[in-house]
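Visitor: I have a model open and would like to learn how to read it. Where do we start?

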Amino acid sequence: MVRIVVAPEDLYEFPYPSADLESKYPFEEMVFTRLDQRTMVERAEEFYALMDGRRSPRMFSPDPVPKRLIELAVATASTAPSGAHKQPWRFVATQNPEVKRAIRAAAEEEERVNYLENRMNEEWQEALAPLGTDHHKEFLEVAPWIVVLFEERYELRPDGQRRKNYYVKESVGIAAGMFIAALHNLGLATLTHTPTPMNFLTRLLGRPENERPFVLFPIGFPLPGVKVPALKRKPLDDVMVIVGA
Ligand code: IYR
């Protein structure tokens, strides 16, 4: 592996943090282990293969899942970078049958309007046709866990004061991706579900006014033998462009 040996001040005219900044806020040396090139490629290929095997089932097994696994996946997701390090997310988890039943009933009610009363326009319904989704959401009751990821539109301090959060959608989107990867890595399946509109989740889960539902994750094991659409992922050339030499 190539290492360019050069003093930081020869590379950076404005080193970070500046002496002034470091006198005002705490800093620490970044912990980082450089791997040899072969290990890097090996790990990259292994991780790609792992993630490429991830699928979104629409039928889950009722088999229970220990709370600790959900906690670990949330802790992992919460390592996501966020605007001004505000971590503007809240993962609301339930395995309570009554709560799950209420979520299913409300989600199906909204989806009934989407699918059967054409709240989703024709183009949208056409795009969904190969997935064959409909207003039935039985998995919301069968999966052992439901985790709803809420975005914190602003911070609500205990004394009632409000503070702005920044890049909330971007931050929560990144955390959602890391949550999905963490679940897959530890051996659980999930489905990104966005019952629309989903304000009912704020009410059913008793969340405060500063939180807005972002995405809902039923979590568990796939029902044995479950089928998923035989979809192909775009080849690298269709999703990546290298500009310049
Ligand atoms: N929210 C609806 C519709 C739906 C929309 C998209 I885009 C999907 O990829 C899947 C479903 C539902 O959950 O059925």
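Guide: Start with burial. A residue counts as buried if 20 or more other C-beta atoms lie within 10 Å of its own. By that cut-off, buried residues make up 23% of the 245 residues in the protein. Keep in mind that this is a predicted model.

Visitor: How many helices and strands are there in the protein?

Guide: The protein has ten helices and six strands. Its C-alpha trace spans about 65 × 50 × 40 Å along the principal axes. Among contacts with a separation of 6 or more, 80% are between residues 24 or more positions apart.

Visitor: How do I read a sheet?

Guide: Strands of a sheet pair through backbone hydrogen bonds, either parallel or antiparallel. Here an open sheet of four strands has the order 1-2-6-5, and the pairing is antiparallel. Strand 1 and strand 5 are the edge strands, each pairing on one side only. Helix 4 packs on this sheet and touches strand 1, strand 2 and strand 6. The direction of helix 4 makes about 170° with that of strand 1.

Visitor: How many bridges join strand 1 to strand 2, and how many pair strand 2 with strand 6?

Guide: Strand 1 and strand 2 run antiparallel and are joined by six bridges. W89, for instance, has E151 of strand 2 as its bridge partner. Strand 2 and strand 6 pair over eight bridges, also in the antiparallel sense. In that pairing, E152 stands opposite E211 of strand 6.

Visitor: Which way do the residues of strand 2 point?

Guide: In a regular strand the side chains alternate between the two faces of the sheet. In strand 2, W145, V147, L149 and E151 point one way, while I146, V148, F150 and E152 point the other. Both sets are buried, and eight of the eight residues of strand 2 are covered in this sense.

Visitor: What should I check in a helix?

Guide: Helix 8 runs over residues 168-186 and has 19 residues; its end-to-end C-alpha distance of 27 Å is close to the 27 Å expected at 1.5 Å a residue. The buried residues of helix 8 are V168, S171, V172, A175, A176, F179, I180, A182 and L183. Their cover includes helix 4, strand 1, strand 2, strand 5 and strand 6. After helix 8 comes G187, with a positive phi near 100°.

Visitor: Why does N185 count as partly exposed?

Guide: N185 lies in helix 8. It counts as partly exposed because it has 15 C-beta neighbours inside 10 Å. N185 and R54 are 131 residues apart in sequence, yet their C-alpha atoms are 9.2 Å apart in space.

Visitor: Which residues surround the ligand?

Guide: The shell consists of E111, N114, L128, L131, T133, H193, T194, P195 and T196. By residue class, this shell divides into three nonpolar, five polar and one charged.

Definitions and conventions
Residues are numbered from 1 along each chain as its sequence is written. This is a predicted model: local features need pLDDT of at least 70, side-chain atom pairs count only at pLDDT 80 or more; totals for chains, interfaces and linings use all residues. Helices (H or I, at least four residues) and strands (E, at least two) are DSSP runs, numbered from the N terminus. The expected span of a helix is 1.5 Å times one less than its number of residues. A residue is buried if 20 or more other C-beta atoms lie within 10 Å of its own, exposed if 12 or fewer, and partly exposed in between; C-beta atoms are placed from the backbone. Two residues are in contact if their C-beta atoms, placed from the backbone, lie within 7 Å. A residue is near a molecule or strand if its C-beta atom, placed from the backbone, lies within 6 Å of it. Ala, Val, Leu, Ile, Met, Phe, Trp, Tyr, Cys and Pro count as nonpolar, Asp, Glu, Lys and Arg as charged, and the others, Gly among them, as polar. Two strands pair if DSSP finds at least two bridges between them. Axes are lines fitted to C-alpha atoms, for helices over the stretch in contact, and angles run from 0 to 180 degrees between N-to-C directions.
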